[in-house]
Amino acid sequence: MFTEELNVIIDTEEKAEKIKRDAKEEAKAVLARAEDEAKKILEAGEAEAKKLMGEARAEGERQAEEDYRQSLEKTDMLCAELEKSAESRIPQVVSLMTERIVRDSGNR
């Protein structure tokens with residue numbers, strides 16, 4: 001009877017040790033899977049951030065080009081207006097210069 005009880009205790013202790021070993025192995029496996037999943041999530045986040053940064057840069061460059069084009073158009077329009085204004089004053093300038101030349105020539 002004592003041997004039988006001792007065998008039950010030994011068998012129970014062996015089962016308990018096996019349960020502990022199995023639990024430890026399962027915990028290591030869960031940790032490894034969690035680390036792998038965290039790494040995948042981090043890599044996906046980095047890839048998304050790079051993608052968004054590239055899109056933002058491309059949009060910024062597109063906007064800068066559009067602003068530059070608009071600035072050139074405005075400058076061209078302003079130059080055309082100034083040229084037109086200057087051309088419209090040519091007769092006045094010629095008349096004024098002619099008047100001064102004639103006046104100055106008559107004073108000699």
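Helices (H or I, at least four residues) and strands (E, at least two) are DSSP runs, numbered from the N terminus. This is a predicted model, in which local features need pLDDT of at least 70, side-chain atom pairs count only at pLDDT 80 or more, and totals for chains, interfaces and linings use all residues. Residues are numbered from 1 along each chain as its sequence is written, and side-chain values use heavy atoms, with hydrogens and water left out.

View 1. Phe2, Leu6 and Ile10 make a nonpolar surface patch of about 300 Å². Patch residues have over 30% relative accessible area and no salt bridge; like charges are joined within 9 Å, nonpolar side chains (Val, Leu, Ile, Met, Phe, Trp, Tyr) within 5 Å. Accessible areas come from the Shrake-Rupley method with a 1.4 Å probe, and for residues only the protein chains shown count as cover. Ile10 sits in helix H1, which covers residues 2-106. Its relative accessible area is 37%, so Ile10 is partly exposed. Here, buried means under 20% relative accessible area, exposed over 50%, and partly exposed in between (1.4 Å probe, protein chains only).

View 2. Side chains of opposite charge can pair when their charged atoms come close. A salt bridge puts a side-chain nitrogen of Lys or Arg within 4 Å of a carboxyl oxygen of Asp or Glu. The whole structure holds eight salt bridges. In one of them, the closest N and O atoms of Glu55 and Lys51 are 4.0 Å apart. Both residues belong to helix H1. They are four residues apart, about one turn of the helix. Glu55 is partly exposed at 42% relative accessibility. Lys51 is partly exposed too, at 47%.

**View 3. Glu59 and Arg62 in a salt bridge.** The side chains of Arg62 and Glu59 meet at 2.7 Å, N to O. These residues are three apart in helix H1, so about one helical turn separates them. Arg62 has a relative accessible area of 42% and is partly exposed. Glu59 is partly exposed as well, with 40%.

**View 4. A salt-bridge network at Glu66, Arg69 and Glu73.** Salt bridges link Glu66, Arg69 and Glu73 in a network. Between Arg69 and Glu66, the closest N and O atoms are 2.4 Å apart. Arg69 and Glu66 lie about one helical turn apart because they are three residues apart in helix H1. Arg69 counts as partly exposed, at 36% relative accessibility. Glu66 also counts as partly exposed, at 25%.
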